[in-house]
Amino acid sequence: MSGFPRRHALRAGVVALANFIIGEPLKRGVQAETRHSIFDAHLHIPSDDGEVFQWNLITRTMPEFVSYLDKCGVKRGVISSARSNTAKTPEDYRLGNREVAKYAEKYKGRFRGSCVITPDRIDEALREIEESHRELGFVWVGEFCNYMTGYKYDTPEWSQVMQLATKLNLVMQIHTNTREMQYLADNFPDVTIVFPHFGSSPDDVFKRIAIVASHKNACIDISGSGIERVGILERAVKEIGSERVLYGSDFTINEPSSVIARVTNAFLTPEDRENILFRNVERLLARAGKATGKS
Ligand SMILES: [Zn+2]
């Protein structure tokens, strides 16, 4: 409206600037972020055989999974199968990964598939990673959770998995304790590794942030324990930079919107929030899978 008094406009400008200086979220920035759809780096789909990661089951099927994400405003995500994480045999994780491919296709443009294996029969595991890359188009592998079936990351077999990820330029998402995180970040500098979760104690959280900060190949996804502690996200962005901090929820285990609320309310710039909520995952996916010449 042309008749809007000039002094009101000036006052509004001063208020907006003051908000920015003391670090409050800018409403206009938040609106802009909402228009770009949030990309969740850490989703576990319910399996067709009934395996669902949820303590008390309320979202049992893929339509229920998707409609819950809709409630939370999560329009895109990287999905992996609960069935693959608990696989006792290669057949189990192959079935899980094919369910992922089926749903990535069914909800095209919404989800990107991720391959999960267990490394006990290593030749078959490596073959599955290659096949899921070549035939299913997956460029993301994990989340690997070694505690679920009891394998270790500091083994010759796991080194083979990491070497294959280097060769194919895949993003690895690996659930670790802090010692395992340090080992993997130190020993595989050519692999892009996404480490989920901040941790459950201040000491743990600060160490994990420091490890990611000092390894350019590492990113942290902010799902799970730690994100509910106010100030941790701000510390991660300060030490690591917002380009390697990824929004993830760990749904169907955890609530996606509580993590989004922390990102939205955090003392960050709109650019940081955009990086965290969707740009970083987009960037990782866009450059993964293309040969780098490393092996
Ligand atoms: Zn998870």
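**Entry 1: helix 13**

I began with a bend: helix 13 has a kink of about 55°, centred on Ile-276. The bend at a residue is the angle between axes fitted to the seven residues ending there and the seven starting there. This is a predicted model, where local features need pLDDT of at least 70 and side-chain atom pairs count only at pLDDT 80 or more, while totals for chains, interfaces and linings use all residues. Residues are numbered from 1 along each chain as its sequence is written.

I looked up the length next. Helix 13 covers residues 270-287, which is 18 residues. Its first and last C-alpha atoms are 24 Å apart, close to the 26 Å expected at 1.5 Å a residue. The expected span is 1.5 Å times one less than the number of residues. Helices here are DSSP runs of H or I with at least four residues, strands are E runs of at least two, and both are numbered from the N terminus.

Which residues of helix 13 are buried? I listed Asp-272, Arg-273, Asn-275, Ile-276, Leu-277, Phe-278, Asn-280, Val-281 and Leu-284. Buried means that 20 or more other C-beta atoms lie within 10 Å of the residue's own; 12 or fewer is exposed, in between is partly exposed, and C-beta atoms are placed from the backbone. Just after the helix, Gly-289 has a positive phi of about 85°.

**Entry 2: the core**

I checked the whole protein. It has 13 helices and eight strands. Of its 295 residues, 44% count as buried. The largest nonpolar core has 75 residues. Such a core is a set of buried Ala, Val, Leu, Ile, Met, Phe, Trp, Tyr and Cys residues joined through C-beta atoms within 7 Å. Those with the most contacts inside it are Leu-170, Met-172, Ile-193, Ile-220, Ile-222, Leu-246 and Tyr-247.

I followed Leu-246. Leaving aside neighbours within four places in sequence, its contacts include Ile-276, Asn-280 and Val-281, which are among the buried residues of helix 13. Leu-246 also contacts Ile-220 and Ile-222. A contact means C-beta atoms, placed from the backbone, within 7 Å.

**Entry 3: strand 4**

Strand 4 spans residues 140-145, and six of the six are buried, so it is largely enclosed by the rest of the structure. What lies beside strand 4? On strand 3 (residues 111-115) I found two bridges to strand 4, running parallel. Here Cys-115 stands opposite Val-141. Strand 5 (residues 171-175) is also parallel to strand 4, joined by five bridges. There Phe-144 stands opposite Ile-174. Two strands pair if DSSP finds at least two bridges between them.

Strand 3, helix 6 (residues 122-134) and strand 4 make a right-handed β-α-β unit. Right-handed means that, with the strands pointing away from the viewer, the path from the first strand over the helix to the second runs clockwise.

I found a cis peptide bond between Gly-142 and Glu-143, with omega about 10°. Glu-143 lies in strand 4. Another cis bond joins Phe-251 and Thr-252, with omega about 20°. Thr-252 sits in the loop between strand 8 (245-246) and helix 12 (256-265).

Asp-250 is in the loop between strand 8 and helix 12 too. Its phi is near 65°, positive in a residue other than glycine. Is Asp-250 buried or exposed? It counts as buried, with 25 C-beta neighbours inside 10 Å.

His-197 also has a positive phi, near 80°. It lies in the loop between strand 6 (192-196) and helix 10 (202-213). His-197 is buried, with 24 other C-beta atoms within 10 Å.

Key:
Two residues are in contact if their C-beta atoms, placed from the backbone, lie within 7 Å.
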